[in-house]
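Let's go through this one as a set of questions and answers. Have the fold open while you read.

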Amino acid sequence: MMGVTLAAAVAVVVPAGTAQAASSVVAVVNNTAITTGDVEKRVNFLKLQRAKGNLRSMAREQLIEDTLKREEILRVRASVSQSEVDAAYARFASSNKMSAEQLGKVLSQAGVGSEHFKQFIALQMSWPRVVNARFAGSNTGKSLVERMQENGGKKPVTTEYFLKQVIFVVPEKRRNAILGKRKSEAEASRSKFPGCDQAKAFAATMHDVSIRDLGRVLAPQMPEDWKPLVEKATGQTTGTRVTERGVEYLAICMKRDVNDDVAAEMVFRAEDLAKAKGNENDENSKKLLAELRKKATITDR
């Protein structure tokens, strides 16, 4: 089962150079070393994906590409956050009827490790941001004014939210023991939520509850995990979600329709990104990777 589901997840990082003490260097990409330890983990990862062919050659090539991608992600500051990676990891575990801890054990036994898989997830989530930033504008070549003229001189309207995140913290070591209880507590608290101004005081009355101010979020920016819950919300709060941090819900402090320049840019950008998906996006990824490889210094050892 693991091979099938991991193969599916590929479409969902080990940055090269996570060296181990006993590893030797097999290649250097722009001063970043790829070690035998890195290759071994990627080979084991490919086995989980049921890949065929010369796995060592495939692993080495993937690690070179990962290094080039990672450097560009860092250069343009397009990396996803650790919390986004952890959430994706937890979702993957849940979809395979495992806890994050159980998934970690499976990956460790397979010679991959949870950190390697999380880094793989991080790269797969971050790289499309780089590709889209590089090519989305060239897909249309049109300014905001030109797009508005095509829209009859009107700016598109979108929904603006001001949000706070309510987190009922569940420590990983106690997850199996208390997750159900914490979910019940989170659900019960929603009807008592006093409003965003009193959110921190409200959290202080409960055990291990934290509040994060997410500020202004436009509908096109809404994370896919939260989008359906926000859209279905009828009161001050959304339904709950189990995440790597515990049990969470969003408090909707304000919701209104807006059509300012920032909102218009977001709507048009969302449209452009949607068009950039599929084969076109794959081609753009290959094109950018080829550019990076041409400028890189890659040395075999």
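Two strands count as paired if DSSP finds at least two bridges between them. Helices (H or I, at least four residues) and strands (E, at least two) are DSSP runs, numbered from the N terminus. Residues are numbered from 1 along each chain as its sequence is written, and side-chain values use heavy atoms, with hydrogens and water left out. This is a predicted model, where local features need pLDDT of at least 70 and side-chain atom pairs count only at pLDDT 80 or more, while totals for chains, interfaces and linings use all residues.

Q: What is the strand order of the open sheet?
A: Strand E3 (residues 158–169) and strand E6 (residues 246–258) run antiparallel over twelve bridges. Strand E5 (residues 241–242) also pairs with E6 in the antiparallel sense, over two bridges. E4 and E5 are the edge strands, each pairing on one side only. Put together, the four strands read E4-E3-E6-E5.

Q: Which residue in E6 is the bridge partner of glutamine 165?
A: Look along E6 for the partners: lysine 164 is bridged to alanine 251, and valine 242 to valine 247. In a regular strand the side chains alternate between the two faces of the sheet. For glutamine 165, the partner in E6 is leucine 250.

Q: How many residues lie between E5 and E6 in their hairpin?
A: E5 and E6 pair in the antiparallel sense. They form a hairpin, and the number of residues between them is three.

Q: How far apart are the sulfur atoms of cysteine 196 and cysteine 253?
A: A disulfide here is a pair of cysteine sulfur atoms within 2.5 Å, and the count comes to one. Cysteine 196 sits in the loop between helix H8 (175–190) and H9, while cysteine 253 is in E6, 57 residues apart. The link is left-handed, with -90 degrees about the S-S bond. The distance between the two sulfur atoms is 1.9 Å.

Q: Is cysteine 253 buried, partly exposed or exposed?
A: Buried means under 20% relative accessible area, exposed over 50%, and partly exposed in between (1.4 Å probe, protein chains only). Cysteine 196, at 15%, is buried. Cysteine 253 has 33% relative accessibility, so it counts as partly exposed.

Q: Which elements do the buried residues of H8 pack against?
A: Arg175, Ile178, Arg182, Ala186 and Ser189 are the buried ones in H8. An α-helix has 3.6 residues a turn, so residues three or four places apart point the same way. The elements they pack against are E3, H9, strand E4 (209–218), E5 and E6.

How values were computed: Contact = heavy atoms within 4.5 Å.
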